[in-house]
Amino acid sequence: MRLRIIVPTLLAGLCLLAPMANAELSTIESPTPSADWQHTEQQAKGQTVYFNAWGGSTQVNNYLDWATKELQARYGITLKQVKVADIAETVNRIQAEKTAGNTQNGSADLLWVNGENFNVLKQNGLLYGPFAASLPNWRWVDKKLPVTQDFTVPTDGFEAPWGVGQLVFIHDMHTMPNPPADLSALLNYAKVHPGRLTYPRPPQFHGSSFLKTALIGLTSGVALDKPVDPATFQRDTAPLWAYLDALHPYLWRQGKVFPTSDAQMIQMLNDNELDMAITFNPGIAPAAIAAGSLPPDAKTYALNQGALTNVHFLAIPFNARAKPAAQVVINFLMSPEAQARKADGAHWGDPSILDVARLPAGQEALFKDRKTLFNAIAEPHPSWQVALDAEWQKRYGH
């Protein structure tokens, strides 16, 4: 099955959420937890959770600051965000700890992860679990979303869904009222406006995702939901490299230098160095505009082919020191209150993974203003990202 096909039910009913006052949020009661979960909460009290998470977004960091205060006040848990540029760094460290025989005192208690990094963790026995279905808030998760598969790899309960990401483009409606609608138009725009477009340097996540988006849009008949076949890889990806060969001379710095992150691209857009930036958060604009990191008329959009879409997850390393507290943290971050704040464009804008229609009336009210996401394109098998990154380095990495 070809992954280019739009999945019509993948994000049905998914929404961005309305701002709600904290006082209103706190009045909503949750069902009484089971005795086992109450025991987990008792064990968690007083523990410190080292949460290894991407730290490249002011909105994300501010949200986690809020969560840190709530977790301390409600559960007596200390959450410490360990800001990383790429979670692969943490994955490598956990692997090294296992090799060294460290099975009890790991340096990380909680990970923000998906895709190839999850695949590596799972294949090498580096995860605690399964635990996801035992979380009280698992009952509210929208099972129509790909919450039991991560880039086609079964999660088997070793990670819990946290939010939905879509690769979209940010443009300034004032300076670019009609952004390129497809890859051909993107190339034409670059030729007419040299130096005004670019993408992050792979293997940075957003750069790799741009490669996958282009591959999906430029090829047909390639089984992207299956592992890469080395025998046909060059043939399968030839249209992508031909496209990039044509595009690169017209990019920022003639495609010889690339931004190191989406955050750098957003800053360059805000400074009027670029006409577009890339993000995996379709709801980023309101909070970023309010923070002054995007121009007042910034807007996100997806190409006509749809937006590369995935669920991002939370996982616990096999040697985490604070496993009970890590589970309580995850359960809180999956709660209607935390999901509502996260999806609120004034705070973060990251879409919820909850099935809003199934929530009790008081909690459903948190989601009163709904905005559907862009048409979704499923992620390829994780091996494609690895192979594309490696080939990109060979061709353009020098």
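Which residues line the largest cavity? I took this up at the start, on a model that is predicted.

**Entry 1, cavities.** I searched the whole structure and got three cavities of 30 Å³ or more. The largest cavity holds about 90 Å³ of space. I listed its lining as Phe169, Leu186, Leu197, Thr198, Tyr199, Phe210, Leu247, Leu251, Met265, Met276, Ala277 and Ile278.

I sorted the residues that line the largest cavity by type: eleven are nonpolar, one is polar and none is charged. I then looked up which element gives the largest share of this lining, and found strand S8, residues 276-279, with three residues.

I noted the division of the chain: domain 1 covers 42-162 + 311-356 + 363-370, and domain 2 covers 168-309 + 381-397. Over C-alpha atoms, the centres of domain 1 and domain 2 are 27 Å apart. I counted 18 residues of domain 1 and 20 residues of domain 2 in the contact.

How much area do domain 1 and domain 2 bury between them? I have about 1200 Å², with 58% of it on carbon and sulfur atoms. On the domain 1 side, the residues that lose the most area to domain 2 are Gln59, Glu116 and Phe151, and together they make up 36% of what that side buries. I also looked for salt bridges between domain 1 and domain 2, and the count is zero.

How values were computed:
Residues numbered from 1 in each chain as written. Predicted model: local features only at pLDDT ≥ 70, side-chain atom pairs only at ≥ 80, totals over all residues. Heavy atoms only, no water. 1 Å grid on protein atoms, 1.4 Å probe; cavity = no way out; pocket = protein on both sides within 12 Å on 5 of 7 lines; lining within 4 Å. Points joined across faces, edges and corners; volume = space filled by probe spheres on them. Helix = DSSP H or I, 4+ residues; strand = E, 2+ residues; numbered from the N terminus. Nonpolar A, V, L, I, M, F, W, Y, C, P; charged D, E, K, R; others polar. Domains from an automatic or database assignment. Contact = heavy atoms within 4.5 Å. Buried area = accessible area lost by both parts, 1.4 Å probe. Salt bridge = Lys/Arg side-chain N within 4 Å of Asp/Glu carboxyl O.
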